[in-house]
Amino acid sequence: MSKKRGLSVEEKRVRMMEIFFETKDVFQLKDLEKIAPKEKGITSMSVKEILQSLVDDAMVDTDRIGTSNYFWAFPSKALHARKRKLETLESQFTEANQKKNTLQQSVEKAKVGRQDTEERSTMSKELAALRQQRDKFKTELEKYKECDPDVIDEMRQSNKVAKEAANRWTDNIFAVKSWAKKKFGFEESKIDKTFSIPEDFDYIE
């Protein structure tokens, strides 16, 4: 019989938020260390760490009253916090795409097949960094989508817009590759190698 898989950190965070949203109550740490294992399957030893991560992300509020610390979180605040986070991510995503567009225009002007230059090397590194940044933003969007059922539909729509934007730039890269093949007669594999375009580079599904 296989060993039961434990909860991931993100799953624990989601379940911890459910305690606050479902009860709309204020808790002390000791209360959550009793409730979380019983109702949400979060081990008592990890409650403090998970709770602190949510406080650090401004998803849970905390205040000291007398000698005790109290914690609370309401859906309305979580909704606004996620909207602000989403707006920040979308702004960063747009900025990254604009920079990618500028670099792509430079690529169109470059001659395929000539000797490597410092400028080409720099552009290739920046394109690779932008691809990684795009993936990071996508992961961030997914993370914040999981924590609040009330905004799932809204964030999915926003993620769709971001994905379509990324795919438009992917389309631009394919268009440039097609132009380069016709203009200079080089094989696609050589173009990919020259500009460090990975073999699995494709649209986001």
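Buried means under 20% relative accessible area, exposed means over 50%, and partly exposed lies in between (1.4 Å probe, protein chains only). The model is predicted: local features need pLDDT of at least 70, side-chain atom pairs count only at pLDDT 80 or more, and totals for chains, interfaces and linings use all residues. Residues are numbered from 1 along each chain as its sequence is written, and side-chain values use heavy atoms, with hydrogens and water left out.

**Figure 1. Overview of the fold.** The protein has seven helices and two strands. Helices (H or I, at least four residues) and strands (E, at least two) are DSSP runs, numbered from the N terminus. Along the sequence the pattern reads α-α-α-β-β-α-α-α-α. Of the 205 residues, 38% count as buried. Contact means heavy atoms within 4.5 Å. Among contacts with a separation of 6 or more, 67% join residues 24 or more positions apart.

**Figure 2. The salt bridge between Asp 57 and Arg 13.** A salt bridge is a side-chain nitrogen of Lys or Arg within 4 Å of a carboxyl oxygen of Asp or Glu. The structure holds five of them. In this view the side chains of Asp 57 and Arg 13 meet at 2.9 Å, N to O. Asp 57 lies in the loop between helix 3 and strand 1 (61-65) and Arg 13 in helix 1, so the pair ties together parts that are 44 residues apart in sequence. Asp 57 is partly exposed, at 30% relative accessible area. Arg 13 is buried, at 5%. Glu 10 joins Arg 13 and Asp 57 in a network of salt bridges.

**Figure 3. Lys 40 and its two partners, Glu 18 and Glu 22****.** The side chains of Lys 40 and Glu 18 form a salt bridge at 3.0 Å, N to O. This pair links distant parts of the chain, with Lys 40 in helix 2 (residues 29-40) and Glu 18 in helix 1, 22 residues apart. Lys 40 also meets Glu 22 in a salt bridge, at 3.2 Å, N to O. Glu 22 lies in helix 1 and Lys 40 in helix 2, so this pair ties together parts that are 18 residues apart in sequence. Lys 40 counts as buried, at 12% relative accessibility. Glu 18 is partly exposed, at 30%. Glu 22 is exposed, at 54%.

**Figure 4. Lys 12, buried without a salt bridge****.** Lys 12 is found in helix 1 (residues 9-23). The nearest side chain of opposite charge, Glu 49, is 6.8 Å away. Lys and Arg count as positive, Asp and Glu as negative; His and the chain ends are not counted. Leaving out residues up to four places away in sequence, Lys 12 touches Leu 7, Ile 42, Thr 43, Ser 46 and Ile 50.

**Figure 5. The surroundings of Val 55.** Val 55 lies in helix 3 (residues 44-56). Not counting residues up to four places away in sequence, Val 55 touches Val 60, Thr 62 and Phe 71. The C-alpha atoms of Val 55 and Trp 72 are separated by 9.6 Å, and the two residues are 17 apart along the chain.
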